[in-house]
Amino acid sequence: MYTKGKLFRTLGAGSLALTSLVVMATTSGASSSTLAKGAPVKIGISLSLSGDFSGDGLAFQAGYQLWANDVNKSGGLLGHKVTLDIVSDASSPTQVVTNYQKLISTDKVNLTFGPFSSLLTLPAAQAVSRYGYAMVEGAGGAPSVFNAKLHNVFDVALPVANSLVPFATWVSSLPKSQRPTTAYYVTSNDPFTQPQLPVAQKIMAKAGIKTVGNQVFPAEVTDFTPIADKVAAAKPQVVVLGATDVPTVSAFMQAFEQSGFSPKVFIATAGPDQGSTFIKAVGAANADGVMVPNSWYGLAANPQSKKMVAEYIKKYGGTPAGVNADVAEAYAVGQVVAQAVNATKGFDNAKIISYLHSGVTLQTVLGKTKFDSLGENPYMTAYTFQWQGTTGTKFVQVNPVGDPNSVKIVFPKPVWGK
Amino acid sequence: MNFTAFVDAAKDGILTGSLYALMATGLTLIFGVMDIINVAQGILVILGAYLSYALSVHLGIDLFVGLAITIPTLFVVGIVIEKAFLGRLKGPEKTAMSILVTFAVALLIEGSLNMIFSVNPVQLHAWYVNRSFSVGGIHFAYIYVAGFVLAVVMLSALYYMLYRTRFGVSVRASLADQASAALVGIDVRRVSTICFGIGVAVTAAGGMIYGATTTFNANTSYDLISRLLTIIVLGGMGSLGGAMLGGVLLVFVGNIVGVIAGPIWSTMAYYVLLVIVLLVRPQGLFGKQSARVA
């Protein structure tokens, strides 16, 4: 049995040990902010190198590595060589948390870059914020990421909710004689896709385009045929598909064609932006007229982007149109962090977070980048891109209409299978 | 509810379900004869799809003609796996150990496929893959109809082999009692090896149809194996007829519920059915205690 004094001593020692642990945990980020001369700066990244998002994960990996090579060629960050510590999360929102905890507490990385997809970015950013680390990312633009009100997360890409606005505005602005009369909205229940469709639906409904269907399907669905058949049965003139990857878009397109259905307008929130991977899956002829919203494409006029695309093609081959937008988003993450490190003259994550929240405008391959109080980049312009022709090499900007870089939209989309 | 959508869902259930049945056939045959749960079946289906892809893209061989190469190739792959890994498993823990061993084999194949083909998803293309014909306003995709016919032909061939051939007698005897089968001169070890080869060989056909209807990479196997295992548990482990019915039920029930209540409920509906069936009949719809190959 404890005596009173022994009990207090035990409680005191316990409290001291607990406090020490908390202090160690909360200051472990700060301990990595100073680097010995000549020591490399370690950047920890969890990417989906297998699983559902593996295509995007690999593209992000290429973008991060391309940036690291460029930085190291020009002397590194503040004279420190950059080394990337990339681990795979197998597209799992659970594994991504474990990975960042390990990267920070065991691998002692100095900085962290974001994973792929909003689904993984939110838990990753929450985990990283506990250590006081900044998380600059390029693929976590869903409202759910920013609604968490984390102070440490910064998305270099376009916030997703308004991605379809230029597209919906264009459809709505067509002369009444040409304007489609019916639309179907079908989406995966993913935080990236789901917020985009109601915004487009609202704009198009206001222009008198009747909603003939609105469906949400679970992200884990593997057989899309019955869902696509249901869409085809409603015979809408516009199909807006909320998809995160190529297989989903490819499955819908195949099922539509097999049903003898070909909408006048077809747009998917992601998938067609995956360059040659998309073309290989759906076939070049079927891609003609397919649209996708994004904030970047391989033929962008931005000089930084042109340089990066040239380097990418030199290393991996292909054409500018075939370069995945993920590559540019990853590269831009590196550019943002590099500018923050140079401005704050160190690797102190708290200073980097303050700097990025200061309203400073940064230059990246994506264009001008500036963060609001939530870490969103609302100053980025939303574009719509379209595959044109049957060679699978012409991926062009078509929206906003009137933009000097936008070309004429192929409308109506050529009929599939003809 | 739109009647056309309902009929489409029912049609898809039967056609796509038969495709899953074709893929699950090998799994159930291997369990029925060898008491081995082959969790590598999913990746073997994908291997079959990649073999068809390689023949089609690099040599221009038609997907169906390519089966003449991929089926024997996977038969040999099956024999090698059985000889190298599974033949060594013995004793009462054999079934449990087989899960671990075949999972290791699956990881080995998955890693190899990722290295050879990368993780970028691909799909099989041929002129008939996206085409369809219409009967009474209902569209039937050639590839799904072909998959259905292939499933029926291959299942019939397996039945014929089991019940109309000398080898089939050996298989059924081995299944009933391995010691007695050995006493009457049946080489039980050889029968098991050949059965495993056949179980893997049929995945070549399933893989080709799957690859033509779905964009895939090596990781797709995880979605597949969970579905295939569910099918054979519902149909009754070891039963070929059960695999067919389980496959069709899996997709049919999901599709109908998807049309009526929305796709968000379709997966759950199937698992509710599975739970009900297992409560009433724990061995599955066609599962038997004494002789599992129905």
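## Helix α3 of chain A

In this predicted model, the buried residues of α3(A) are A:Val96, A:Asn99, A:Tyr100, A:Leu103 and A:Ile104; buried here means 20 or more other C-beta atoms within 10 Å of the residue's own, with C-beta atoms placed from the backbone. These residues sit on the same side of α3(A), because they cover an arc of only 120° around the axis, judged by the directions from the helix axis to the C-beta atoms.

The helix itself runs over residues 93-105, 13 residues in total, and reaches 19 Å from first C-alpha to last, close to the expected 18 Å (1.5 Å times one less than the number of residues). Helices are DSSP runs of H or I with at least four residues, strands are E runs of at least two, and both are numbered from the N terminus.

## Chain A overall

Chain A has 14 helices and 14 strands. Its radius of gyration is 23 Å, close to the 22 Å from the globule rule for 418 residues, so chain A is as compact as a globular protein of that length (C-alpha atoms only; the rule is 2.2 Å times the number of residues to the power 0.38). Of those 418 residues, 56% count as buried.

## Where the chains meet

The contact takes 33 residues from chain A and 32 from chain B, with contact meaning backbone-placed C-beta atoms within 7 Å. On the chain B side, α1(B) gives the largest share, six residues.

## Ground rules

Residues are numbered from 1 along each chain as its sequence is written. Local features need pLDDT of at least 70 and side-chain atom pairs 80 or more, while totals for chains, interfaces and linings use all residues.

Note on methods: Chains lettered and ligands numbered in written order. Buried ≥ 20, exposed ≤ 12 C-beta atoms within 10 Å, placed from the backbone. Contact = placed C-beta atoms within 7 Å.
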